[in-house]
Amino acid sequence: CFTVEMVLKMAAHSAVGYFANVWNRVDCVIVLASVVTLVVSTAISALFGADELEPGTARVLRTLRVLRSIRAFSLFSHSHKLRVLTRTFLQMRPVIMTVLATIVILFYAYLVIGMEALYGRTTHDEGTREACGEWCPGFENALLGSVTLLQLVLAANWAELTYAFEGAGGRLLTWTYLISFVLLTNAIVLSLLAA
């Protein structure tokens, strides 16, 4: 598809006109890298009868495939709105970093509170325990607590998490902890989006 686009552009603008544009040169390199990747992988498979490539060769070919993602940057040169949006985002970087730092501090504070107040006090039914294995929501360690808080932020398994912690330290403490965390993080994320 990209090869056809490159050939049509060369036919329309001539080779000199095509290579005068920087993004066209980038596209040409990417298309040629993709073609080389395809030819090399096909040749190795045909010559050696191997369905899988050796790790070193596969790594080089995957690296060449990554070059395809560079094509997305060519959109910025064609669209004034995308350039304005990118410039605005870059100017908002200090504000965004402040809000993200606030979220990280809040996340850490709730992680410490959760590990102190709810450590080892989660109750899961057998079906849930079998389904999630060692990754069941809880505050047994910092990693598991972080995953649990991330599930709360994303509103994943909200009801399951609430019932799992309901017996831990009392219903009022648990509900206050969970609801305040969700409300605070959502308010901060909404302020980030509004900014």
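Helices, as named here, are DSSP runs of H or I with at least four residues, numbered from the N terminus. The model is predicted, so local features need pLDDT of at least 70 and side-chain atom pairs count only at pLDDT 80 or more, while totals for chains, interfaces and linings use all residues. Residues are numbered from 1 along each chain as its sequence is written, and side-chain values use heavy atoms, with hydrogens and water left out.

**View 1. Trp 175 in helix H10.** Helix H10 covers residues 171-194 and contains Trp 175. This residue counts as partly exposed because its relative accessibility is 30% (buried is under 20% relative accessible area, exposed over 50%, partly exposed in between, with a 1.4 Å probe and protein chains only).

**View 2. The kink in helix H1.** The kink is about 110° and is centred on Ser 14; the bend at a residue is the angle between axes fitted to the seven residues ending there and the seven starting there.

**View 3. An aromatic cluster of Phe 107, Tyr 110, Tyr 177 and Phe 181.** The whole structure holds four aromatic pairs (ring centres of Phe, Tyr and Trp, the last by its six-membered ring, within 6.5 Å; planes under 30 degrees apart are stacked, over 60 edge-to-face, the rest tilted). Tyr 110 and Tyr 177 form a tilted pair, because their ring centres are 5.3 Å apart and their planes at 45°. Tyr 110 belongs to helix H6 (residues 93-117) and Tyr 177 to helix H10, 67 residues apart.

**View 4. Tyr 110 and Phe 181, both buried.** Tyr 110 has 10% relative accessibility. Its ring centre lies 5.0 Å from that of Phe 181, with the planes at 55°, so this pair is tilted.

Key:
Helix = DSSP H or I, 4+ residues; strand = E, 2+ residues; numbered from the N terminus.
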